[in-house]
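Open the model in your viewer and keep the selection panel at hand.

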Amino acid sequence: MASNPRGGDSTRRFAADGLLMIGANGTAALLYLLVHVALGRRLPGVDYAVLVSLLGLLNILGIGAAALQTTLARYTALAAKDDGDDGGLWLAVTRRALRRAGLWALPAAGLWCLATPWLRDALGAPSAWALVLLGATAALQLFQPLVQGSLQGLRRFGALAGSSMAGAATRLLAAVTVVYLGGGVTAALWAFVLGALVALAVACWPLRNALWGAESPGTPDFDSGPIYRYLGLALVGQAALYGLMNADLVLAPRLLQGETLAAYSKAAMLARTIVFLPLPLVIAMFPRAVVSGRRRILAGTMAAAAALAAVPATLVALWPGVFLSWMYGAVEPQAPALLRQYVWAMLPLLLVEVAVPYLWARRQPWTVVALVLPMLLYASALTRLADRPEAMIQGVAAAGTLFLLWLLAAAWRGRRRAPDLLSSQQFLR
C-alpha cells in the first residue's frame with residue numbers, strides 16, 4: 001500500500017504530482033465558489049449573512065488544520081522512509097494520531113452540543129441544531145487533515161486529489177438540492193457536513209485495511225514528544241504566516257473607506273486568486289523535502305511556481321479592467337490601477353508560501369516562528385499608511401520580499417541532510 005519514498009522518483013514524477021494537485025485544488029476551489037453562488041442567490045440576504053458568519057466561525061475552529069496536516073505529512077514521510085512497508089512505523093504514527101484526535105474531538109463535541117442553547121443567542125444562529133451541525137463539521141475536519149496528511153506523506157496524491165474533489169462536489173450537490181427545495185440556514189449546513197464526511201471517507205479508503213486491520217505484534221512503539229513539539233511550533237508558525245498573508249486585508253476596513261476600500265478589496269482578492277494558482281505544487285514538494293536535503297527541491301518548486309504565476313499575472317497587469325469586470329461586473333475607477341500593482345506584490349508572498357513548508361519539512365520551524373515579531377511590526381507599519389492604498393500595496397511587496405530573503409537565507413544555511421531526520425532506532429524508545 002505505502003509507496004516507498006526512497007525510490008522511483010524523478011523530475012517528471014514531481015511535475016505530474018504537482019500538476020495533479022493544482023488541477024484538483026483548483027477544481028475544489030471552483031466548486032466551493034459555486035456553493036456560495038447557489039446559496040447567495042437562493043437564500044434571503046439576511047439568512048445568507050448568518051450562514052457566512054457561521055462559516056467564519058467554522059474557519060476559526062479549524063485554524064490548526066494546516067499545522068495538523070503538515071505534522072502528519074512530515075512524520076509519515078519520515079517513518080515511511082525508514083520502514084517502507086504496510087505495517088511499520090508510518091502506520092503506528094497515523095493510528096496514534098487518529099486515536100489522540102478522537103480523545104479530544106469526542107468530549108469537545110459533547111461540550112459543544114451541551115452549550116448550544118447559550119451559544120445560539122450569542123452567535124445569532126437560527127437554531128441549536130444549526131450549531132450542532134457546525135460542530136459536527138468541525139469534528140470531521142479535525143480528522144480530515146490527519147488522514148490527508150498521511151496520504152501526502154506517503155505520496156498518494158491521486159487519493160488526496162480524489163478526497164478534495166469528492167468533498168467539494170458533494171458539498172455543491174447538497175447545497176443546490178437544499179436551497180432549491182426551499183431549505184434555510186440549518187438545512188444548508190448539511191451540505192458542509194456531508195462534504196466533510198465524503199472527503200474524509202474518500203481519504204480513508206486507500207488506507208482502510210491498514211488503519212482498521214488488526215494490530216501487528218511487531219508494530220513499533222515510539223515517543224510522541226517530538227511530534228507534539230513540532231506541532232506546537234507549526235501552529236505558531238502558521239499563525240505568523242497567516243498574519244503576513246492577511247494583515248492588509250484584515251486592516252483595510254479600518255484604514256480605507258468607501259470606494260477606495262471596495263476597490264482595494266476586489267483587487268486584492270482577484271490578485272491572490274490568480275497568483276496563488278500554482279501553490280498546490282507545495283503539496284507534492286513537501287514529502288520529498290522531508291527525506292531529501294537537496295536544495296534543488298526548493299529551487300525547482302520556487303522556479304516552477306514563479307513561472308506558472310507570472311503568465312496570468314502578466315495578463316492581469318496588462319488588462320486589469322477586463323479581469324475585474326469578468327469577476328465583479330462594474331468596479332470602482334481605482335480598482336484597475338490597484339490590481340496592476342497588487343498582482344506583482346503577491347509574487348514574493350507566493351514564494352514565501354513555498355519556502356515555509358520546505359523549512360517545516362527540513363525541521364527548521366524556529367525560522368518561521370521567529371517571524372512572529374516582524375509580522376506584528378509589519379502590521380503596525382500598515383496602520384501608518386491609512387488612506388493610501390498604493391502605499392499599502394508597496395508595504396505588502398516590501399514585507400514579502402524581506403520575509404522571503406530571511407527564509408531563503410535560513411534554507412541555504414541548513415545542512416543538506418537535516419540532523420533531525422531520524423532513523424527507526426532513534427525514533428523508537
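Colour first by pLDDT, the predictor's confidence in each residue, from 0 to 100. This is a predicted model, in which local features need pLDDT of at least 70 and side-chain atom pairs count only at pLDDT 80 or more, while totals for chains, interfaces and linings use all residues. Residues are numbered from 1 along each chain as its sequence is written, and side-chain values use heavy atoms, with hydrogens and water left out. The mean pLDDT of the protein is 79, and 85% of its residues reach 70 or more.

Select residues 1–8, where pLDDT stays under 50 and the model has 23 contacts (heavy atoms within 4.5 Å) beyond four places in sequence. Then select residues 416–429, another stretch with pLDDT under 50, for which there are 38 contacts beyond four places in sequence.

Beyond its neighbours within four places in sequence, Ser164 touches Ala24, Asn25, Ala28 and Gln148. A C-alpha to C-alpha distance of 8.7 Å separates Ser164 from Val202, 38 residues apart in sequence.

Now select Leu68, Ala101, Trp104, Ala105 and Leu142, the closest to the centre among the 31 residues that line the second largest pocket. A pocket is an open set of points on a 1 Å grid over the protein atoms alone, where a 1.4 Å probe fits, with protein on both sides within 12 Å along at least five of seven lines, and lining residues have an atom within 4 Å of a point. H4 gives the largest share of this lining, 10 residues.

Finally, display H11 (residues 281–291) and H12 (residues 295–318), whose axes, lines fitted to C-alpha atoms over the stretch in contact, come within 10 Å and cross at roughly 175 degrees. H11 is therefore roughly antiparallel to H12, a term for angles over 145 degrees, on a scale that runs from 0 to 180 degrees between N-to-C directions.

Conventions: Helix = DSSP H or I, 4+ residues; strand = E, 2+ residues; numbered from the N terminus. Parallel < 35°, antiparallel > 145°, perpendicular 65-115°, else oblique.
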